[in-house]
Amino acid sequence: MIASAVHRHFSCAVLSIGAVLVGCPALVNAGDALRHRVDQILSDSAIGPVAGDIDDATFLRRAYLDLAGRIPSTDESRVFLADQSPGRREQLVNRLLDSRDFARHMATTLDVMFMERRGGQHVTADRFRQWLEESVTDGRPLHHLVRDLVAAETPADAPLPAAAFILERDVEPHLLTRDIGRIFFGMDLQCAQCHDHPLVDDYRQDDYYGLHAFVSRLSLFQPDKKKKGRIAEAPDGLASFKSVFTQREAFTTPRLPGDPEIEEPNVPVDHQYSETPSKTSPGIPVYSRRQALAALLEKGENEFFRRNLANRLWAMVFGRGLVHPVDMHHSSNPPSHPELLHVLANELAAMNFNLKAFLRELVLTDAWQRSHLMPETDLSTDAALAARIEEVQQTREKLLQQAREQSVAATEVFEQLDEILKQAEPVRAAWINSRSAATKAVEKAGESTADLESREKVLGQKQAASSAMVAAIDRIKVAAELLNQPAELKNAAATLSGKLKTLTTETEKLQKEADGVRKKAEEAVRAATTARESERGDQSKLAPMLNEIRSQRGRLVQQWGRSQQAYVLVAHFDENAGQLKQLRQMIQEQDQLQGLLKELQASRQAVASLKSQLQAMAGNREQLLTQLKEARTLEQQICQDADAMRSLMSDRETTSDRLREATQHVLTAASMLQDSALQTASQELRQRADAASRSAEEVQVQLRQIQKTIDAAESDVTRLQQQEASLRENLEAMTTAEQVAQTELARMIERETVHRQNAERLQADLMKSCTERFQVASISGLSPEQFAWSLLQATGQLERQYEVEESKLNKEQPLTPEQQQEDAIIVKRKEAIHQAAVEKLNKSAASIVTLFGAEAGQPQDGFFATVDQALFLDNGGTVRSWLAPSGNNLIARTAKLTSPEQIAEEMYLSVLVRRPKPEEIADVAEYLKARESAATEALQELAWALLTSAEFRFRH
């Protein structure tokens with residue numbers, strides 16, 4: 001049975017949660033290490049059973065999967081499992097965090113988080129992942145890394161790897177808004193693009209366009225489709241919006257969720273670009289909203305940003321977030337532990353967003369080291385449970401009242417903001433028009449000035465040429481006089497004079513055109529000056545209104561935050577109350593089930609007793625019926641004998657009568673005839689008549705005796721009939737009672753089934769709740785990358801590829817004995833081997849990741865199974881080829897072993913990271929014996945069975 005006791009500190013947890021979020025002193029000691037604070041908060045707020053600690057083998061597997069992205073090798077497993085030092089677990093965590101596998105795994109994990117398996121159109125996935133791996137290796141703070149994703153430059157030759165985040169989304173502002181909201185702030189605002197979110201009160205159109213304003217000016221610059229695209233940003237662009245539901249119109253400048261609008265410089269229309277756009281360059285605006293967003297992310301001060309990153313890192317190692325799904329932070333989906341998320345977010349910032357340091361603390365918590373199995377303990381009721389439920393509900397009602405008050409206050413501020421927006425709209429519209437006119441005027445003035453400059457340049461060239469030709473003609477005339485060659489030089493002078501005349505005509509024409517263009521340019525410059533002054537005038541009118549709007553929106557955002565915070569607590573206490581009620585209901589259900597089981601046992605015993613009595617009674621009745629049958633048979637036999645005796649007696653009496661009559665007649669004849677012979681015959685007849693008479697009397701005596709026997713037999717039959725009738729009535733009554741008892745038993749069994757199903761459902765619900773509250777470890781499928789790399793490790797492909805690359809490098813670039821003594825050279829060589837091996841292994845893993853991963857652009861929400869996956873594992877040539885004996889891979893190693901015990905241990909350690917149980921060793925031995933004639937195939941089949949097992953595919 002599942003333990004139902006509520007943690008004794010639950011009431012303290014209620015105070016602690018409220019304390020952090022409403023400004024009271026928290027119960028958690030801020031000086032403790034983060035791991036201890038995490039465990040204290042989870043312990044204080046535990047409701048229901050808490051799982052025990054995992055064994056070393058499970059810790060080993062979990063640590064490698066979460067920190068290295070693969071299972072450990074057999075050698076790594078044996079070394080750790082043989083280590084009995086007290087600090088072995090922390091030492092393992094430190095080794096993994098400092099390993100190349102950690103950097104590779106984190107690069108892959110962050111790649112999936114940020115890019116969701118996009119890549120290749122503008123920046124290859126390998127290049128982006130390599131940049132991530134280098135960033136993790138260098139210990140780059142996570143908020144700086146996120147900053148780079150937004151701020152990355154895209155030079156003409158090749159964009160920086162970090163630019164993949166924007167470029168691979170085609171620089172589409174709405175897609176960027178959605179993904180920035182989800183991935184950086186944990187808020188899926190997509191449904192707030194056209195109106196306030198219909199299902200999530202916290203997601204408003206104002207929030208969406210506050211983020212959208214940062215990226216609304218972006219576009220993809222790709223004049224040559226054969227070349228990589230670049231990120232272009234316009235210097236102007238407004239975030240105006242209108243609700244399709246309420247028709248409310250509003251506008252906003254950039255702002256992060258939960259923060260007020262940022263202040264922006266008023267860049268003059270004639271100085272908007274530090275680098276002017278051209279056909280080959282997107283240009284660089286003087287003020288970039290994209291860079292402003294990057295700067296805000298780099299500060300890491302936004303609460304939503306901190307909480308989201310902390311929650312995603314928590315989900316990375318715990319299998320689910322404190323807020324889950326991780327991109328749905330809102331008051332109707334509160335954190336399982338609001339105080340804990342608050343502590344984690346602040347601690348991550350205090351650590352300067354150090355990924356390695358933060359993950360170290362998480363995986364060294366008792367919570368991370370909990371089993372996925374619910375503890376088997378005696379069920380005990382908690383007398384204070386009802387009081388605690390009442391306490392939580394009372395707290396919830398107080399919080400709900402506060403939340404409603406905050407919501408009303410937010411509505412008032414919202415209405416005031418809308419009123420200010422309405423008042424500002426005409427002024428803003430006038431400023432938009434004047435800025436547009438000023439921009440056009442400046443562009444026109446610039447074009448006119450450029451045209452004038454171009455013409456004046458040509459005119460200057462013509463004028464310089466004319467001056468040069470006049471000087472040349474003068475020099476020719478002087479030369480003609482000195483050389484006394486007037487004809488030839490005169491002709492040359494005439495030719496030059498002709499050209500000079502033509503040039504003079506052209507110059508005069510150009511001068512006239514330039515004068516006209518100059519006039520237009522002067523007019524355009526004056527118009528631009530006037531337009532700029534008009535724009536500055538409108539801007540000066542709008543500026544105080546924008547300041548007021550910014551201030552009012554700041555108040556609104558702050559009020560929304562308070563309201564949301566209050567509703568988060570309400571929802572959190574709702575969930576706590578629900579779990580307490582669930583726990584109480586389970587206790588009651590288990591109590592009822594236990595009572596019902598006792599009644600059921602008694603009822604079954606009663607039914608069994610009735611059945612036993614019925615069987616005995618039925619046996620007695622059968623015995624009685626046999627006796628009755630025998631008595632009736634005996635009675636019939638006696639009656640038959642009596643009838644025969646009566647017939648004999650009648651015959652004897654008739655014979656006696658006839659003999660006496662004959663004797664009389666013979667005596668009469670003898671007397672009349674005086675015949676002595678007749679006299680003698682009569683005497684003989686008389687004797688015979690007397691004998692017959694005596695015989696009849698004897699039969700009469702026997703008949704009377706038989707009659708007594710008949711009377712006794714009839715009495716026995718009557719008695720037996722009466723006994724049988726009574727027994728039959730009792731049997732019928734007992735049968736009825738047994739049927740009633742059976743019916744009642746059936747009803748009780750139905751009730752027991754219902755109660756058992758309810759208990760099982762409640763137990764499953766409790767298991768789910770305890771998992772969601774991190775009292776029991778969650779069971780989650782391996783990510784496609786973890787699965788692929790664990791397959792590579794289990795089958796021996798990792799070691800094989802490293803050996804291949806090392807052998808190749810030793811052959812191509814052998815080290816001298818002196819170089820072999822240089823640590824720096826050895827380290828560099830190992831890094832080269834690692835990079836080469838990982839590059840090849842990534843290609844091997846790619847097909848598995850593609851098959852087991854979500855589609856590009858879709859979040860990897862969790863484990864899913866498809867027919868293609870099953871076919872790949874069942875018939876795929878890739879895994880089958882890895883199971884062919886080669887070098888020192890899994891099958892080659894196990895083929896060298898002789899005993900089933902050794903083979904089983906090697907198999908289980910290599911694949912499941914644990915030693916086999918006795919029954920599993922017996923199964924392996926039995927299977928190997930049955931497949932003795934095909935030993936290699938048997939080993940491959942055993943390995944395949946373990947690799948495709950649920951135990952291998954899931955993290956537990």
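Where does Gln247 lie? Gln247 sits in the loop between β3 (239-242) and β4 (249-252). Keep in mind that this is a predicted model, where local features need pLDDT of at least 70, side-chain atom pairs count only at pLDDT 80 or more, and totals for chains, interfaces and linings use all residues. Residues are numbered from 1 along each chain as its sequence is written, and side-chain values use heavy atoms, with hydrogens and water left out. Helices (H or I, at least four residues) and strands (E, at least two) are DSSP runs, numbered from the N terminus.

- Gln247 isn't a glycine, yet its phi is positive, at about 65°.
- Gln247 counts as partly exposed because its relative accessibility is 45%; the labels are buried for under 20% relative accessible area, exposed for over 50%, and partly exposed in between (1.4 Å probe, protein chains only).
- Val913 is another residue other than glycine with a positive phi, near 55°.
- You'll find Val913 in the loop between α25 (900-911) and α26 (918-930), and at 1% relative accessibility Val913 counts as buried.
- His324 and Pro325 are joined by a cis peptide bond, with omega at about 0°.
- Pro325 belongs to the loop between α13 and α14 (338-350).

- Helix α20 (residues 797-812) packs with helix α21 (residues 823-852) at an angle of about 125°, and their axes are 9 Å apart.
- Axes here are lines fitted to C-alpha atoms, for helices over the stretch in contact, and angles run from 0 to 180 degrees between N-to-C directions.
- That angle makes α20 and α21 oblique to each other; under 35 degrees counts as roughly parallel, over 145 as roughly antiparallel, 65 to 115 as roughly perpendicular and the rest as oblique.
- The contact (heavy atoms within 4.5 Å) involves residues including Leu798, Tyr802 and Leu809 of α20 and Ala832, Ile833 and Leu841 of α21.
- Sorted by class, the contact of α20 with α21 has 9 nonpolar, 4 polar and 4 charged residues.
- For those classes, Ala, Val, Leu, Ile, Met, Phe, Trp, Tyr, Cys and Pro count as nonpolar, Asp, Glu, Lys and Arg as charged, and the others, Gly among them, as polar.
- Helix α19 (residues 784-795) packs with α20 at about 75°, with the axes 5 Å apart, so α19 and α20 are roughly perpendicular to each other.
- On the α19 side, Trp789, Leu792, Gln793 and Thr795 meet Gln797, Leu798 and Glu799 of α20.
- By class, the contact of α19 with α20 has 3 nonpolar, 3 polar and 1 charged residues.

- Helix α11 (residues 205-215) is mostly covered, with 11 of its 11 residues buried; among them are Asp206, Tyr208, Leu211 and Phe214.
- Arg307 is part of helix α13 (residues 303-318).
- Arg307 touches His329, Pro335, Leu341 and Ala345, leaving aside residues up to four places away in sequence.
- From C-alpha to C-alpha, Arg307 and Phe185 are 7.7 Å apart in space, although 122 residues apart in sequence.

**Cysteines**

- The structure has 0 disulfides, a disulfide being a pair of cysteine sulfur atoms within 2.5 Å.
- For Cys191, the nearest cysteine sulfur is that of Cys194, 9.1 Å away.
- Cys191 counts as partly exposed at 39% relative accessibility, whereas Cys770 counts as buried at 0%.
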